[in-house]
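Please open the model in your viewer and keep the selection panel at hand. The stops below say what to select next and what is to be found there.

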Amino acid sequence: MKIIEIKNLSKKYFLRSGNRKTTLRDVALGMFDFLKNKEKKKVLWALKNINLEIEDGETVGIIGNNGAGKSTLLKILSRIIKPTSGEATLHGRTGSLLEVGTGFHRELSGRENIFLNGAILGMKRREIEKKYDQIVAFSEIEEFLETPIKHYSSGMFTRLAFSVAAHLDPEILIVDEILAVGDLAFQRKCLRKMRDINEKGRTILFVSHNMQAITRLCKRAIWINNGEIQMDSNAEDVVGTYLSSQLKTSARKSWNDLENAPGNNTAKLLEVGVCNERGENASTFDIRKPILVEMVYKVLQNERVLMPSLQIFNDQGICVFTSHDLDEEWRYRKRLKGTYRSYAKIPANFLAEGNFFVAVSATTYEPLTEHFNEKDVAAFLVTDSLEGDSARGDYAGPMDGIIRPILNWETFVEEKSGRVIDDK
Amino acid sequence: MSETSKSEYTFKIKPEESWLRIDLKELWQYREVFYLLVWRDLKVRYKQTLLGVLWVILQPVIATLILTVIFTKFGGIETGGTPYVLFAFSGFVIWMYVNTSVSQASNSLVYHEQLVTKIYFPRMFVPASSVGSGLPDLFLTLLILFVAMLFYGVLLTWKILLVPLFLFFALLVALSMSLLISSLNVRFRDVKFIIPFLLQVWMFASPIFYPLGWVPERFQPIFAINPITGLLEGFRYVLFGNELNWVVLGISIISTILILVLSIFVFRKMEDDFADLL
């Protein structure tokens, strides 16, 4: 069943060339402006003909650059602003969380703010009373409930605010970029809570710049660009395409014209790409699947021993590793002129979640010469699932590190005290 | 968990709605937000200043005392047999309520920007909550007025039962001006600077501390376009049994209704842009 139907939704803003008349004084002084040249209004379409259908129970991530229209869409669906044309139909009680702690008042105590914020978010008083203990327990700030929140640290404030929000129980939950707050442990709790909400069959619309959270939580994602839906598909693909458009580096790059291809008169690079284990081009990889880096190059001189190599960088520019081609078949073998295609396989459960960039080079020994070394020729995204069989196990929050291997763990009992009650 | 069936609740978001329509069902649905806005206003106000309550009482009392001293010095005023102190104080009870509500409400939407731009609820609640949170003060000063009346030996008649009617009248006057001014203040940010001045003019143009009799009879109907005029005439009629000019009261009631309709119209028209303007 469709729970949200959006038809031709558009929102137009006027960008005035001059300053907007924001005071009565300006209006009075500008009363005769129309006699002069007509003020030119520039039209900005924050949203243009958005058509969208969301099924009951879906968790949909919305991504896009700042100013692309994501927040405008959420605000229209939350009824905060009106569309210019088109319509949206919501078949369910809608709760929106565009900001954590809306309506909190600094002079009031934590307890008072729970009721205030709850009501503002659309909970009935009885509902809040019923969930009060849960909210307090979730926030972990029991002992400060009677303190005015102006004395809270920002962390405590966030905890309290999110706890109220997390206990909202609407059929449609609209969430704007709220995971950027709180410490790691609390973020983890929040992500788990969002998963729970979704598992209860609630529909979630979720804007975030945290691509990893999007791929972890959402099956479907929508990329909004310049007010239009650029792509609407499964979350991995959308995030992958979006990121590569941002990076201006795609999963494959080739040089058709030998003249301009990188390299010298010994070897030239023709093509670099990343693909899955079946050899199909891909830009997004499940962490549990291997990644193949493919490079095609032309050897222009006979009788040379040539070593292709590969480097992987993460999005902070840190080199994750360098790998040389040690394949016995070619390691000491002199090559004939011709075109070669080499594959390097990055094993499954090795790279962490995130964006990675490929650099390739080719070297000959005696004398040691590098014939080409191209950085950022291809990029790909690794995503981690929440299915429990990757290195993250059942943990849903952010994990540090640029690699994420599954290690063997063993535990031995050194000394035992007490008795474990086995409930099995 | 409330397990309502999903098809039961459907909401359509469309560009425009009728400007004059007030969705009473929706106001009722969101009523708890209104209670909480009022409750929050009160709680914060009385938490911050211990003098809060005292101030509420002192303002009209001091104003009344000063005027009483001045006017008795200059030979007294014809107030239809009512002691001038009571006459002026009754005027200030109503005026202070309207004055405080309107000046609180004028900046309310801007002050609650965070709410207005992040959450949906009927926007009217914001200025309306200023009008609502003024009520306890009104009751308090009214109580003092009754005590003073007993002190001066003014006999209460059955008409006292009509007092709530005039309090409601005062509420409508405060509400209509609050809606109008608060929405204009979002659009024109200098409105808030002229509000104190306008309120002062309004006060002097209302028979608060002087009787309507000071105004030449033929101008009285024009004077009654100011809702406060009829409101105070009626209020004093039920309190002290003053003579009542029904034409004045009628004009003021009609004028109030027209202002209220106009205010709702302006508010509804501007409401959709609040989040974009703030």
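Begin by selecting helix α9 (residues 163-187) of chain B together with helix α13 (residues 246-271) of chain B, whose axes come within 9 Å and cross at roughly 35°. Two packed helices are described by the angle between their axes and the distance between the axes. The axes are lines fitted to C-alpha atoms, for helices over the stretch in contact, and the angles run from 0 to 180 degrees between N-to-C directions. Helices here are DSSP runs of H or I with at least four residues, strands are runs of E with at least two, and both are numbered from the N terminus. Seen along this pair, α9(B) passes α13(B) in a left-handed crossing, a term used if the near helix is turned anticlockwise from the far one by less than a right angle, whereas clockwise would be right-handed. The residues of this contact divide into 17 nonpolar, six polar and one charged, where Ala, Val, Leu, Ile, Met, Phe, Trp, Tyr, Cys and Pro count as nonpolar, Asp, Glu, Lys and Arg as charged, and the others, Gly among them, as polar.

Before going further, note that this is a predicted model, in which local features need pLDDT of at least 70 and side-chain atom pairs count only at pLDDT 80 or more, while totals for chains, interfaces and linings use all residues. Residues are numbered from 1 along each chain as its sequence is written, chains are lettered from A and ligands numbered from 1 in the order in which they are written, and side-chain values use heavy atoms, with hydrogens and water left out.

Staying in α9 of chain B, select S183(B). Is S183(B) buried or exposed? S183(B) is buried, with a relative accessible area of 0%; buried means under 20% relative accessible area, exposed over 50%, and partly exposed in between, with a 1.4 Å probe and protein chains only. The side chain of S183(B) reaches the backbone oxygen of L179(B) at 3.0 Å.

Next, in helix α13 of chain B, select R268(B), which counts as buried at 13% relative accessibility. The side chain of R268(B) makes a polar contact with the side chain of E271(B) at 3.4 Å; such a contact is a pair of N or O atoms within 3.5 Å, where within protein one must be able to donate a hydrogen and the other to accept it, and residues adjacent in sequence count only if both atoms are side-chain atoms. If you draw a distance from R268(B) to L179(B), 89 residues apart along the chain, the C-alpha atoms are separated by 9.5 Å.

For a last stop in chain B, select helix α7 (residues 125-133), where nine of its nine residues are buried, including F125(B), P127(B) and V131(B).

Now turn to chain A, which is divided into domain 1 (2-93 + 170-245), domain 2 (103-165) and domain 3 (252-383), with bounds that come from an automatic or database domain assignment. The C-alpha centres of domain 2 and domain 3 of chain A lie 54 Å apart.

Two residues of chain A deserve a look at their backbone angles. N226(A), in the loop between β8 (220-225) and β9 (228-234) of chain A, has a positive phi of about 50° although it is not a glycine, and at 55% relative accessibility N226(A) counts as exposed. D376(A), in strand β18 (residues 369-383) of chain A, has a positive phi near 50° and is likewise a residue other than glycine; D376(A) is partly exposed, with a relative accessible area of 42%.

Then select M295(A) in strand β13 (residues 291-299) of chain A, which is buried, with a relative accessible area of 6%.

Finally, select the cysteines C218(A), which is buried at 4% relative accessible area, and C319(A), which is partly exposed at 31%. How many disulfides are found over all chains? A search of the whole structure finds zero, a disulfide being a pair of cysteine sulfur atoms within 2.5 Å.
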